Amino acid sequence: MNDSLSRRAAELREKLNYHSYRYHVLDSPVVTDGEYDALFHELRTLEEAHPDLLTPDSPTQRVGSTPRSNLPKVEHAAPVLSLTNAFSDDDVRAWRERIGKLLPADMMLDYVVEPKLDGLSVVLTYEDGIFVQGATRGDGLIGEEITPNLRTLLSLPLRIPADPDGPHAPPTLVVRGEAFFSLRIFEELNQRRVEEGETPFVNPRNAASGALRQLDPGITAQRPLQIALYQILAGEGDLPSTQWDVLHYLASLGFPVMLEYSAYFDDLEEAIAHLHTWEDRRRTLDFEIDGLVIKVNDLQTFDDLGVVGKDPRGATAFKFPAEERTTKLLGIGINVGRTGVLAPYAMLEPVEVSGVTVKQATLHNFDDIQAKDIRIGDTVIVKRSGEVIPYVVGPVADLRDGSERKIEAPTKCPFCKHATIRNEEEVAIYCSNPQCPERLARTIEYFVSRGAMDIDGLGDRIVRQLIDAGLIQDVADIYTLQADDLLTLEGFAEKKVENLLAAIDTSRGRSLERVITALGIKGVGSTVAELLTAEFASLQELAQASEEAIQQIAGLGPHTAESIVAAFADQQNRVVVEKLRAAGIDPKAERRTKASERLAGMTFV
């Protein structure tokens, strides 16, 4: 055996096992999916060409990751397998040729093509139509039990059929699916994390994993995940015999299914042509997919083909090219959030990524910059997935010429020049000035945003114009604006002023849930606000609540309770709340019953 091939195989095994640990156990990957797939593909190719290189510790022989120890373990009813990857049309044809050798020569196959969702694989068990257990994939044989967390997913039916007129539920049904974030919700979640001084999630998949593997289901409830089912792992009774029928059967039971994005073909070349229609289509989705899965439709044939290593022979995943490019990091800019968090971003030499010219990208935080040793002047890898804001994966250190400059964390706010501060338990760096004009602008922008008070016409530019003119010094001042004052501003004509004041007046009727959300209390988004309105009938009642009273609400922990009480204890916030009440912004909790019903049946620990 060639020693260089043996050494390379050993090197690949070591790298892949490390990256698998970083990804599956720590939820902190240091390479991109494309880089991992390239290493894995190289090792698999080596092992197929030289079987003597195959070892028991090879990642190609593993089904998945080792489960964490802080969640109960669950043994799956059937192995929860992975998939081989195909990166080209020829790879797909080679897959068909391989399985054809195991089938009768004249056997015709048909196929189902489904999107490969980029989330967390979950296994759901139903007994007599009742959802009794949910688990992560884990190592494919044993997963982590996350039943209370999954119960918080509103799209997951707790009883099947969801429609009384649907088919009768089998005595036992074990199904597999994927939990994931919509890109819109993911962006909102990351924005909140940055505002609250927390590290943003690298991608929606990591965010989904983190949400479902919480020990406190209340945290999961604050992160609205979606779920889609696509496989029956085990069950009793008269179950479908083809994958296409499985999708329709699951949908008829009330499960969310990606039927509108799936397709049936009786010809492989037509299926391959269909794959390429997704190259642009995937960018229009509000969720991430990292490829498409081609499955043999007949389930008996699928099972007869068996498994090789960790992969069923009857399916393969066609992976999209990584949406990454390299470019120069020209410098960094800093944004200041409404809580004072200083968030760095990369200023790049323009580069086209996924059909979009990218000039700026996320850098997460200064700890992340130092950990990755990103320097001004570096050639950096920039990734953009779907509509997610592009981010810097890391530098290409081998291309350095010595002119690169290290990036230092700021000691002063770039907007108001006040000193920065940092809490020991947080990665975030804050502006210490509560009156920082940039913080005020961000606070008002959040208050008037669509998910909060939804005041049409108060965009970022106008908010800053009002602040510069001295017309607003906090969010409550919005309700004291007068037509005469607005008409003195550049660009404000009578019709524009009339429309803006009408929009402001309309917002006075927003629900208590929306008002609580708009206040921007740390850890309080729309979901937590809805939970609060189930208990407290008014803003004044909430403002007077104790931490103990707030913690009595299912789903709310001590940190959230502490944050709420501290917010209403702050003198400046108390003034704002009183000014809002004086302006007529003091709604009653009209949704107490609805919020309470939403909590019914959920199990929180």
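Colleague: Where does His364 lie?

Modeller: In this predicted model, His364 is in the loop that runs between strand E16 (356–362) and helix H12 (366–372).

Colleague: And is His364 buried or exposed?

Modeller: His364 counts as buried, because its relative accessibility is 9%, and the cut-off for buried is under 20%.

Colleague: What does His364 touch, leaving out residues up to four places away in sequence?

Modeller: With those left out, His364 touches Pro200, Phe201, Pro344 and Tyr391. There is also Ala343, 21 residues apart from His364 in sequence, with 6.8 Å between the two C-alpha atoms.

Colleague: Let's stay with histidines for a moment. Which helix holds His274?

Modeller: His274 lies in helix H9, which covers residues 268–276. His274 also counts as buried, because its relative accessibility is 15%. Setting aside residues up to four places away in sequence, its contacts are Val113, Ala263 and Phe265.

Colleague: Thanks. Changing topic: how many residues does helix H21 have, and how far does it reach?

Modeller: H21 spans residues 558–569, so to speak a run of twelve residues, and reaches 16 Å from its first C-alpha to its last. That is close to the 16 Å expected at 1.5 Å a residue.

Colleague: Which residues of H21 are buried?

Modeller: The buried ones are Thr560, Ala561, Ser563, Ile564, Ala567 and Phe568. Looking down the axis of H21, you find these buried residues within an arc of 160°, so they line one face of the helix.

Colleague: What's exposed on the other side of H21?

Modeller: His559 and Ala569 are exposed there.

Colleague: And what do the buried residues of H21 pack against?

Modeller: They pack against four helices named here in order: H18 (526–533), H19 (539–543), H20 (547–551) and H22 (571–582).

Colleague: How about H16, what is its reach?

Modeller: H16 takes in residues 494–507, which is 14 residues, and reaches 20 Å from first C-alpha to last. The expected value at 1.5 Å a residue is 20 Å, and H16 is close to it.

Colleague: Which residues are buried in H16?

Modeller: Val497, Leu500, Ala503, Ile504 and Ser507 are buried. Seen down the axis of H16, they fall within an arc of 130°, so these residues line one face of the helix. They pack against helix H15 (483–487). On the face turned away from that buried side, H16 carries Glu494 and Lys495, which are exposed.

Colleague: Now the backbone. Which residues does a cis peptide bond join?

Modeller: Ile160 and Pro161, with omega at about 0°. Pro161 is in the loop between helix H4 (147–151) and strand E7 (172–180).

Colleague: What about phi of Asp373?

Modeller: Phi of Asp373 is near 55°, a positive value in a residue other than glycine. Asp373 sits in the loop between H12 and strand E17 (375–376), and counts as partly exposed because its relative accessibility is 26%. Asp454 has a positive phi as well, near 50°. You'll find Asp454 in the loop between helix H13 (437–447) and helix H14 (460–468), partly exposed at 31% relative accessibility.

Colleague: On to the rings. How many aromatic pairs are there?

Modeller: The count comes to seven aromatic pairs. One aromatic cluster is formed by Phe180, Tyr261, Trp278 and Phe287.

Colleague: And which ring does the charged end of Arg282 sit over?

Modeller: That of Phe320, at 4.2 Å from the ring centre. The charged end of Arg338 sits over the ring of Tyr446, 4.0 Å from its centre.

Colleague: Last bit, the whole chain. How many helices and strands are there?

Modeller: The chain has 23 helices and 22 strands. Of its 605 residues, 51% count as buried. The chain exposes about 27800 Å², with 49% of that supplied by carbon and sulfur atoms.

Colleague: And among contacts between residues at least 6 apart in sequence, what share joins residues at least 24 apart?

Modeller: For the chain, that share is 68%.

Conventions. Residues are numbered from 1 along each chain as its sequence is written. This is a predicted model: local features need pLDDT of at least 70, side-chain atom pairs count only at pLDDT 80 or more; totals for chains, interfaces and linings use all residues. Side-chain values use heavy atoms; hydrogens and water are left out. Rings of Phe, Tyr and Trp (its six-membered ring) pair if their centres lie within 6.5 Å; planes under 30 degrees apart count as stacked, over 60 as edge-to-face and the rest as tilted. A charge sits over a ring if NZ of Lys or CZ of Arg is within 6 Å of the ring centre and within 35 degrees of the ring normal. Helices (H or I, at least four residues) and strands (E, at least two) are DSSP runs, numbered from the N terminus. The expected span of a helix is 1.5 Å times one less than its number of residues. Buried means under 20% relative accessible area, exposed over 50%, partly exposed in between (1.4 Å probe, protein chains only). The arc is that of the directions from the helix axis to the C-beta atoms. Contact means heavy atoms within 4.5 Å. Accessible areas come from the Shrake-Rupley method with a 1.4 Å probe; for residues, only the protein chains shown count as cover.
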